[in-house]
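Please consult the sequence and structure shown here alongside the notes.

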Amino acid sequence: MPRNPLIVAADTADPAEAEALAKRLTGIVAMVKVGLTLFVAAGPESVERVRDHAPVFLDLKLHDIPKQVEGAARSAGRLGVSLLTVHALGGQEMVRAAVEGAADGAAQIGVEPPSIIGITVLSSLAGEGLASPASLAFEAVSAGAAGVVVSGEDVALVREALGPAALLVVPGIRPGGQPANDHVRILSPGEAMERGADYIVVGRPITGSADPAAAARAVLREVGLA
């Protein structure tokens, strides 16, 4: 059976709200994303509350000197998250430090380490004048990252550059003609998967729905998995 590709973004500052969302999506989605808004508001507790109901994609976009990133990744590993993001622009030494720190932290509690995912170019930015997503992705994976976050516009190019083994996570997904909100470069779920995505990240079209579980299932139907 194909991998469930759906990650739902719990973009809230309220850990109780995030936990309630995760509970409603248990067994339906691949992961729930805990990002900066929620983590800064509620810290590790937010991850633990969501993780009780669904695997966690911890999207902190770490970008600092290697020692600091290694320490942060070690702490994330001890939280038992499944994916952790770092900025590919931090360089290969920083990415390697994240991989090592995450593995060490996970080993301390006897769980699988999170896959380190490099951020290439944010989907809220237009492409002109930015670093090449394909080159950033190649450098991140060469340093030990499992894959990268890449915009819908660039996913086919990055897939070609990295081959089939790398994990490609595509944000800014808008099913069924939903508004773009903050994202400049968006795709539908089906378009993203056709271009080579492994995971697609959907936020407000699901979290803003009166029935998030039904909205999630509708996204999965768009990619032939429900």
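The model is predicted. Its chain contains 10 helices and eight strands, and 49% of the 226 residues count as buried. Among contacts between residues at least 6 apart in sequence, 69% join residues at least 24 apart.

**Packing of helix 4 with helix 5**

- Helix 4 spans residues 66-78 and helix 5 spans residues 92-109; their axes lie 6 Å apart and meet at an angle of about 30°.
- Because angles under 35 degrees count as roughly parallel, helix 4 is roughly parallel to helix 5.
- The crossing of helix 4 past helix 5 is right-handed.
- Helix 4 contributes Pro-66, Val-69, Glu-70, Ala-73, Arg-74, Gly-77 and Arg-78 to the contact.
- From helix 5, the contributing residues are Glu-93, Met-94, Ala-97, Ala-98, Gly-101, Ala-102, Asp-104, Gly-105, Ala-106, Gln-108 and Ile-109.
- Sorted by class, the contact of helix 4 with helix 5 comprises nine nonpolar, four polar and five charged residues.

**Packing of helix 1 with helix 3**

- Helix 1 (residues 15-24) packs with helix 3 (residues 44-51) at an angle of about 20°, and their axes are 8 Å apart.
- Helix 1 and helix 3 are therefore roughly parallel to each other, given that this description applies to angles under 35 degrees.
- Helix 1 passes helix 3 with a right-handed crossing.
- On the side of helix 1, the contact involves Pro-15, Ala-16, Ala-18, Glu-19 and Ala-22; on the side of helix 3, Ser-46, Arg-49 and Val-50 take part.
- The contact of helix 1 with helix 3 has five nonpolar residues, one polar residue and two charged residues.

- Thr-12 occupies the loop that runs between strand 1 (6-9) and helix 1 (15-24).
- With a relative accessible area of 11%, Thr-12 is buried, because the limit for that class is under 20%.
- The side chain of Thr-12 approaches the backbone nitrogen of Asp-14 at 3.1 Å.
- Leaving aside residues up to four places away in sequence, Thr-12 touches Glu-17, Ala-18, Thr-37 and Leu-38.

**Lys-61, in strand 3**

- Lys-61 belongs to strand 3, which covers residues 56-62.
- The phi angle of Lys-61 is positive, at about 50°, although the residue is not a glycine.
- Lys-61 counts as partly exposed, its relative accessibility being 25%; this class lies between the 20% and 50% limits.

**Ser-135, in helix 6**

- Ser-135 is part of helix 6, made up of residues 133-142.
- At a relative accessibility of 37%, Ser-135 is classed as partly exposed.
- Ser-135 and Ala-88 are 47 residues apart along the chain, and their C-alpha atoms are separated by 9.7 Å.

Definitions and conventions:
Residues numbered from 1 in each chain as written. Predicted model: local features only at pLDDT ≥ 70, side-chain atom pairs only at ≥ 80, totals over all residues. Heavy atoms only, no water. Helix = DSSP H or I, 4+ residues; strand = E, 2+ residues; numbered from the N terminus. Buried < 20%, exposed > 50% of the residue type's maximum accessible area, 1.4 Å probe, protein only. Polar contact = N/O pair within 3.5 Å; in protein donor to acceptor, adjacent residues only side chain to side chain. Contact = heavy atoms within 4.5 Å. Axes fitted to C-alpha atoms, helices over the stretch in contact; angles between N-to-C directions. Parallel < 35°, antiparallel > 145°, perpendicular 65-115°, else oblique. Left-handed = near helix turned anticlockwise from the far one by under 90°. Nonpolar A, V, L, I, M, F, W, Y, C, P; charged D, E, K, R; others polar.
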